[in-house]
Amino acid sequence: MKKILLTGGAGYIGSHIAVSLYENGYFPVILDNFSNSERQVINGIKALTENNFSLHDLDCKDPESFDKVLEAEGRIDGIIHLAAYKAVGESVQDPLKYYHNNMTSMWAVLDAMERLGIENLVFSSSCTVYGTPENEVVTEETAINPAFSPYGYTKQACERMMEDLHKTNSRKKQIRLRYFNPIGAHPSAVIGELPIGTPNNLVPYITQVGAGWREQITVFGNDYETADGTCIRDYIHVVDLAEAHVLSLGRILDKSGSSLETFNIGTGKGTSVQEIIDIFQEVNNTPIKVVYGDRRPGDVPSIYANADRAYKELGWSAKYGIEDCLKHAWHWQKTLTKPGS
Ligand code: UD1
């Protein structure tokens, strides 16, 4: 059974990937320091994998962590590197926190691969690397414009680190997955997103309003040049996203020679903030109080994926629609207890 190291594997996306890996015959090895994830997620992963994974409570920034994992596991066949901070606004307030964490972690992963002879890497990148694109539909060939947040810049820089390594004669097989907006939860409602404190992202905020944890959602701007005035994004189910990682690994694990490939992982369909709120209320029969506020600095009006390359090369496409995403997010929310209550 191939062992796949998941840095940040106890996070929202990492936990779903761990389950998909297990379901596809891999053995997930989680490395996480729980700086931005809750330990209770491990119980969910245990339940969904029949305990077929291992956990290393270590810091991805520390090069020695990788030596310890390899020593304990005996072999690592590939790495999926997810460990990173991801709050755009916080990165503007505290850029050094982001440069330190996200770039040092990436360096430590690449350094460990060089030192320990690990050849396969799938990296969690983001559509944020396109900055403000000229055209709202982006392909992998769309120009990389200046990042508008330190967070976005760390993703660009990490992609560049992979590129520079690829240009050396390093025998790495690397894939960069540019995620659009992952939402939803495992259909079993055993794992899902567990934001610490106030959610930054749209869907966990909506579900917390639905659950009565928060009074209302503020829509950040309804005066954009879009059909209903609110921003448009490409929302993708987290289980579909997890599947893209499994297919990426399948593509590189048994391949020889070095390679660097990039894939957009999105549905190819844009949905507005207002539509998300409307669909959530309808499919879950739950009212959401909405207020309209100012635009959020740094928001791109509209962006969605052309994901043709992922379909052609990986055989990947999204199976879940937006209704499923919002139903699953709500099922998951209903399993949670309000912190402090
Ligand atoms: C951003 C990043 C993305 C990153 C993700 C992780 C960009 C372009 N995108 O996604 O790369 O992976 O964060 O955190 O930098 N909204 C509201 N009210 C709210 C919350 C959000 O109206 O309370 C709106 C936002 O203005 C936006 C949409 O909902 O239009 C989605 O926001 P969010 O879920 O935060 O994701 P992005 O900013 O698109």
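**Entry 1: two domains**

I began with the distance between the two domains: the C-alpha centres of domain 1 and domain 2 lie 24 Å apart. I keep in mind that this is a predicted model. Next I looked up where each domain runs. Domain 1 covers 3–184 + 235–265, and domain 2 covers 202–232 + 268–333. I then asked how many residues each domain gives to the contact. Domain 1 brings 28 residues and domain 2 brings 29 residues.

**Entry 2: the area between them**

A reminder to myself: the size of an interface is often given as the accessible area lost when the parts come together. Here I found about 2500 Å² buried between domain 1 and domain 2. Carbon and sulfur atoms give 65% of that area. Which three residues supply more than any other three on the domain 1 side? I noted E136, Y235 and D240, which supply 26% of the area that domain 1 buries against domain 2.

**Entry 3: polar links across the interface**

I turned to charges and found 3 salt bridges across the interface of domain 1 and domain 2. I also counted 12 residue pairs in polar contact between the two domains, with both residues at pLDDT 80 or more.

Then I listed the elements that give two or more residues to the side of domain 1 that touches domain 2: β6 (137–138), β11 (235–237), α8 (238–253) and β12 (259–265). Helix α8 has the largest share of that side, with 7 residues. I sorted the residues of this side by type and got 14 nonpolar, 8 polar and 6 charged.

**Entry 4: salt bridges in the whole structure**

My count of salt bridges came to 26. One that I looked up joins the side chains of E73 and K3, at 2.9 Å from N to O. I liked this pair, as it links distant parts of the chain: E73 sits in helix α3 (residues 63–73) and K3 in strand β1 (residues 3–7), 70 residues apart. I also looked at R309, which forms a salt bridge with E140, and there the closest N and O atoms are 4.0 Å apart.

**Entry 5: aromatic rings**

Searching the whole structure, I found 3 aromatic pairs. Why does the pair of Y85 and Y98 count as tilted? Their ring planes stand at 55 degrees, with the centres 5.6 Å apart, so the pair is tilted. Y85 lies in the loop between β4 (78–81) and α4 (88–93), while Y98 is in helix α5 (residues 95–116), so the pair ties together parts 13 residues apart in sequence.

Key
Residues are numbered from 1 along each chain as its sequence is written. Side-chain values use heavy atoms; hydrogens and water are left out. Domain bounds come from an automatic or database domain assignment. Contact means heavy atoms within 4.5 Å. Buried area is the accessible area (1.4 Å probe) that two parts lose on being put together, summed over both. A polar contact is a pair of N or O atoms within 3.5 Å; within protein, one must be able to donate a hydrogen and the other to accept it, and residues adjacent in sequence count only if both atoms are side-chain atoms. Helices (H or I, at least four residues) and strands (E, at least two) are DSSP runs, numbered from the N terminus. Ala, Val, Leu, Ile, Met, Phe, Trp, Tyr, Cys and Pro count as nonpolar, Asp, Glu, Lys and Arg as charged, and the others, Gly among them, as polar. Rings of Phe, Tyr and Trp (its six-membered ring) pair if their centres lie within 6.5 Å; planes under 30 degrees apart count as stacked, over 60 as edge-to-face and the rest as tilted.
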